[in-house]
Amino acid sequence: MTKATSNPSVKNTETAAHAQGTAVIVIEHLYKRFGLNEVLKDFSLTVYKEENVVILGKSGAGKSVLIKCVIGLLKPDKGSIVVLGDNVTELSDDDLDRVRSKVGFLFQANALYDSMTVRENLEFPLRRHWINLPQQEVNAMVKEALENVDLVETANMMPSELSGGMLKRIALARTLILKPEVILYDEPTTGLDPVTAREIDHLILKLQKKYHTSSIIISHDMNCVKNLADRVILLLEGKCYADGTYDELAHAADQKIKQFFE
Ligand SMILES: Nc1ncnc2c1ncn2[C@@H]1O[C@H](COP(=O)(O)OP(=O)(O)OP(=O)(O)O)[C@@H](O)[C@H]1O
C-alpha cells in the first residue's frame with residue numbers, strides 16, 4: 001500500500017504492490033469550481049483493481065463533487081478522469097451510459113423508488129441497461145441479488161416497510177445487480193446505528209471479495225473507514241493532502257491529518 005508521505009501535501013508515488021496492479025480509475029490534475037468557489041484544485045488519484053479507497057475530508061471539501069465528476073454527473077473544468085480505460089470527461093452521453101453500467105453508485109439516501117416493490121426496484125437497472133433481457137434471467141438476477149444481502153423474503157415488500165439497515169442492503173443489492181467493476185459509495189453507513197453500520201461494512205467487504213470490485217468510498221464514520229479502507233485519501237484545500245493506510249494516517253504527526261483521527 002502507498003505510504004503517507006513525510007510531506008503529506010505531496011501525493012505519494014506508487015509502491016511496488018501498486019505498480020503491479022491494474023489501475024481502474026486514474027484521476028489527473030482535476031480542477032472544478034463553482035463561480036469563485038474553487039472546490040478541486042489539481043486533485044490526482046489512482047485507484048487499483050480490488051482496492052477500497054476512502055476519501056476523508058471536512059464538510060464541503062468536495063468529496064461528493066469528486067465522485068460526481070467520476071460518474072460524469074459533473075464536468076470538471078480541467079483534468080482527466082479515466083474509468084476502466086475511458087476518459088469520462090470526453091465521452092458522449094451514450095458512451096457515458098456504457099461506462100455507468102460498469103460503475104455502481106450507492107447514494108447516501110439509497111435512491112430507491114418508494115412506489116415500487118423491492119423486486120421492481122431491483123429490476124429497474126436491468127431493464128434500463130439490458131432492454132432485451134429475458135424474464136427468466138431477470139428473475140434469476142433478482143434472486144441472486146437478494147440472496148447476496150440475505151433479504152430474499154422482502155421481494156414483494158415496499159421500501160416503506162423496511163428498516164434503515166434493510167433499505168441500505170437493498171440499495172447495495174441494486175447497485176450490484178449490474179455486476180459493476182467499480183462502486184462509488186457516498187457515506188454508506190450514515191444514519192445507521194453502530195451495530196447495523198458494522199453489518200453493512202461486513203456486507204460490503206463480503207460482496208467486494210465475491211465480485212472483485214474496486215471502490216471509492218466517502219465516509220465520516222471512522223469505524224467504517226477503518227474496516228473498509230485499503231487506503232485513505234485526505235481531500236483538503238482541493239488536493240490530495242495525504243495518502244496512506246488507515247494506520248499510517250492515524251499515526252501521522254501532521255495536525256491537519258491528526259484532527260480526523262481524534
Ligand atoms: N451544483 C453545485 N453548484 C454550486 N456549488 C456546488 C454544487 N455542488 C457542490 N457545490 C459546492 O461545492 C463544495 C463541495 O461540495 P461537496 O458536496 O462535494 O462537499 P462534501 O465534501 O461532499 O461535503 P459533505 O461531507 O458535507 O457532504 C461546497 O462548497 C458546495 O456548496
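What follows is a conversation that sets values against definitions.

Student: What should I know before I start reading?
Tutor: Residues are numbered from 1 along each chain as its sequence is written. This is a predicted model, in which local features need pLDDT of at least 70 and side-chain atom pairs count only at pLDDT 80 or more, while totals for chains, interfaces and linings use all residues.

Student: How many helices and strands does the protein chain have, and what makes a run count as one?
Tutor: The protein chain has 10 helices and 10 strands. Both are DSSP runs, numbered from the N terminus, and a helix (H or I) needs at least four residues whereas a strand (E) needs at least two.

Student: How do you know whether the radius of gyration of the protein chain agrees with that of a compact globule?
Tutor: The radius is taken over C-alpha atoms, and the globule rule is 2.2 Å times the number of residues to the power 0.38. For 262 residues a compact globule would come near 18 Å, and the protein chain has 18 Å, so the value agrees. Along its principal axes the C-alpha trace spans about 55 × 45 × 40 Å.

Student: Why is I81 called buried?
Tutor: A residue is buried if 20 or more other C-beta atoms, placed from the backbone, lie within 10 Å of its own, exposed if 12 or fewer do, and partly exposed in between. I81, whose place is in strand β4, has 21 C-beta neighbours inside 10 Å, and therefore counts as buried. In the whole protein chain, buried residues make up 39% of the 262 residues.

Student: Which residues does I81 touch, leaving out those up to four places away in sequence?
Tutor: Contact is defined by C-beta atoms, placed from the backbone, that lie within 7 Å of each other. On that count I81 touches I27, L30, C69, V70, N87, V88 and T89. As a separate distance, I81 and L45 are 9.3 Å apart, C-alpha to C-alpha, although 36 residues separate them in sequence.

Student: What makes β4 and β5 a pair of strands?
Tutor: Two strands pair if DSSP finds at least two bridges between them. Strand β4 (residues 78-83) and β5 have two bridges and run in the antiparallel sense, with V82 standing opposite N87 in β5. They belong to an open sheet of four strands in the order β2-β1-β4-β5, where the pairing is antiparallel. In that sheet β2 and β5 (86-87) each have a single partner strand, so they stand at the edges with one side left without a neighbour.

Student: Why is β10 called largely enclosed?
Tutor: Five of the six residues of β10 (residues 239-244) are buried, so the rest of the structure largely encloses the strand.

Student: What makes the phi values of D42 and H212 worth a remark?
Tutor: Most residues other than glycine have a negative phi. D42, in strand β2, has a positive phi of about 70° although it is not a glycine. H212, in the loop between α7 (194-211) and β8, likewise has a positive phi, near 55°.

Student: Are these two residues exposed, partly exposed or buried?
Tutor: D42 has 15 other C-beta atoms within 10 Å, so it is partly exposed. H212 has 10 C-beta neighbours inside 10 Å and therefore counts as exposed.

Student: Which residues are around the ligand, and what makes them count?
Tutor: A residue is near a molecule if its C-beta atom, placed from the backbone, lies within 6 Å of it. The residues around the ligand are F34, N37, V39, G57, S59, G60, A61, G62, K63, S64 and V65. Two or more residues come from each of β2 (37-48) and α2 (63-70), and α2 gives the most, with three residues.

Definitions and conventions. Two residues are in contact if their C-beta atoms, placed from the backbone, lie within 7 Å.
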